[in-house]
Amino acid sequence: MTDSRRSDPGGGRPHPWEASYPAGVAWDAPIATTTLPRLLDDAVARHGGKPAIEYRDRRIDYRTLAAAVERTAAGLLALGLPKGETVA
């Protein structure tokens, strides 16, 4: 039986899904343990105008995403959702 990691068509990477990752991006990079708002704030500080989301022909950069998150949070607070309440 052959090892599936060795027969990967993704250019020698050990897992098939890695073929869709940009060069230099590791799927097993360490994940920071913090709050989601802090993660977003840090990403804005580091990546600002770089794309945070790319879907079809639309790109949203980190600054634009953070602004949309702030508007959404403000709207939920204005509707009476208490700060710290979980939203599913």
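## The largest pocket

Helix α2 contributes the most to the lining of the largest pocket, giving seven residues. The model described here is a predicted one. The space in this pocket amounts to about 580 Å³, and of the 17 residues that line the pocket, those closest to its centre are Pro-37, Val-69, Glu-70, Ala-73 and Leu-76. The elements that supply two or more residues to the lining are α1 (36-47) and α2.

Sorted by class, the lining of the largest pocket comprises eleven nonpolar residues, two polar residues and four charged residues.

## The two helices

Helix α1 has twelve residues, and the distance from its first C-alpha to its last is 16 Å, close to the 16 Å expected at 1.5 Å a residue. At the start of α1, a side-chain oxygen of Thr-35 comes to within 3.2 Å of the backbone nitrogen of Arg-38, while the residue that follows the helix, Gly-48, has a positive phi, near 30 degrees.

Helix α2 (residues 62-78) can be described in the corresponding terms: with 17 residues at 1.5 Å a residue it should span 24 Å, and its end C-alpha atoms are 24 Å apart, which agrees with that expectation. At the start of α2, a side-chain oxygen of Asp-61 reaches to within 3.0 Å of the backbone nitrogen of Arg-63, and just after the helix Gly-80 takes a positive phi of about 100 degrees.

## The hairpin

Strand β1 (residues 51-55) pairs with strand β2 (residues 58-61) in the antiparallel sense, and four bridges join the two strands. Within this pairing, Glu-54 has Arg-59, a residue of β2, as its bridge partner.

The two strands form a hairpin with two residues between them, and in the turn Arg-56 has a positive phi of about 55 degrees.

## The aromatic pair

The structure holds one aromatic pair. Trp-17 and Trp-27 form this pair in an edge-to-face arrangement, with 5.7 Å from centre to centre and 85 degrees between the planes. Trp-17 and Trp-27 both lie in the segment before α1, so the pair ties together parts that are ten residues apart in sequence.

Technical notes. Residues are numbered from 1 along each chain as its sequence is written. This is a predicted model: local features need pLDDT of at least 70, side-chain atom pairs count only at pLDDT 80 or more; totals for chains, interfaces and linings use all residues. Side-chain values use heavy atoms; hydrogens and water are left out. The expected span of a helix is 1.5 Å times one less than its number of residues. A polar contact is a pair of N or O atoms within 3.5 Å; within protein, one must be able to donate a hydrogen and the other to accept it, and residues adjacent in sequence count only if both atoms are side-chain atoms. Two strands pair if DSSP finds at least two bridges between them. On a 1 Å grid over the protein atoms alone, a cavity is a set of points where a 1.4 Å probe fits but cannot get out, and a pocket is an open set with protein on both sides within 12 Å along at least five of seven lines; lining residues have an atom within 4 Å of a point. Grid points are joined across faces, edges and corners, and a volume is the space filled by probe spheres set on the points. Ala, Val, Leu, Ile, Met, Phe, Trp, Tyr, Cys and Pro count as nonpolar, Asp, Glu, Lys and Arg as charged, and the others, Gly among them, as polar. Rings of Phe, Tyr and Trp (its six-membered ring) pair if their centres lie within 6.5 Å; planes under 30 degrees apart count as stacked, over 60 as edge-to-face and the rest as tilted.
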